[in-house]
Amino acid sequence: MDRILNGPRETTAEQRAHAFENARVGPALDPLLGKVATSPTRITDADFEVARAAGFGEDQLFELVIASAVGQTTRMYDAALAALEEASG
Amino acid sequence: MRPEVLNGGYKPATKLLFAVVRLFSGRPLPDAAKLVFYRPDFYGDPSKRFTHLAMRGPSAWSVGDRELMAAVVSRANACAFCIGAHTATSEQAYADRPRVRAVLADLETAPIEDGLRATLRMVDKLTREGTVGATDMRQVLAAGVSRQQVEDALAVCAAFNITNRLADAFEFRVLDEEGFAAGAKFLLKRGYQ
């Protein structure tokens, strides 16, 4: 997770943090990244095209898609661990 | 795959490796395997370590159980590539195709152990709904599953919730039955590292 959120990359740490948190990154990216988090089977080429047309490069999209996927999964994992802790207590 | 850089943006040595694999296996490397070679410091290397530990590391769950969990998670996400890959790998790991097919057809009536059933039910709910509560976890523990086994199952669930999302976002090419069987054989021999 540290490698995704920190360090010099093609996107800013702030952009990756927002993608990770499923927060707004920008109007050209939000449809794509929102689908990565909640409905990945609905992602289309058009979602990538909108982001490219706004100036985002291939490596930037690679980084932000991964940050979004890892962020959503981390929230699910943390919620499940908290439930396990409560059930075990 | 999309974006295009995931098709051709690899280092020359990596492209050579892909060509060698294709030459000897007669098949291109599956997209899931190619992805971890792209900028591996960002995603591929830590992903391989985490997934291999979850799927092949020490656990009271068998390899077949964990591959079955991966298949159930993938089905909950409707991820075609990962359903095919981990259904095939679970079937080979158990050497029992009917067992896996029964679980995927109807978890509640499949002839499996109560603890595994309760665990599969929990990871399915977590994946579909994004969360589970203490009541869900108590049901798993009451079925005789240890706390460590729950944590191990959650690691599998996490690994494949990431991979499923990337498979659909990056549009992994879905293989035919022979392709998934060949991939399963490789995963059982070499794991995810």
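Which residues form one aromatic cluster with A:Phe62? The cluster consists of A:Phe62, B:Tyr10, B:Phe18, B:Phe37, B:Tyr38, B:Phe42 and B:Phe170. This is a predicted model, in which local features need pLDDT of at least 70 and side-chain atom pairs count only at pLDDT 80 or more, while totals for chains, interfaces and linings use all residues. Residues are numbered from 1 along each chain as its sequence is written, chains are lettered from A in the order in which they are written, and side-chain values use heavy atoms, with hydrogens and water left out.

Rings of Phe, Tyr and Trp (its six-membered ring) pair if their centres lie within 6.5 Å, planes under 30 degrees apart counting as stacked, over 60 as edge-to-face and the rest as tilted. By this rule there are nine aromatic pairs over all chains. One of them joins A:Phe62 and B:Tyr38 edge-to-face, at 4.9 Å centre to centre and with 90° between the planes. This pair crosses between chains, from helix H5 (residues 58–88) of chain A to the loop between helix H3 (31–35) and helix H4 (44–56) of chain B, where helices are DSSP runs (H or I, at least four residues) numbered from the N terminus.

A:Phe62 also forms a tilted pair with B:Phe42, at 5.9 Å centre to centre and 45° between the planes, and this pair likewise runs from H5 of chain A to the loop between H3 and H4 of chain B. A:Phe62 and B:Tyr38 are buried, as is B:Phe42, buried meaning under 20% relative accessible area (1.4 Å probe, protein chains only).

Notes: Helices (H or I, at least four residues) and strands (E, at least two) are DSSP runs, numbered from the N terminus. Buried means under 20% relative accessible area, exposed over 50%, partly exposed in between (1.4 Å probe, protein chains only).
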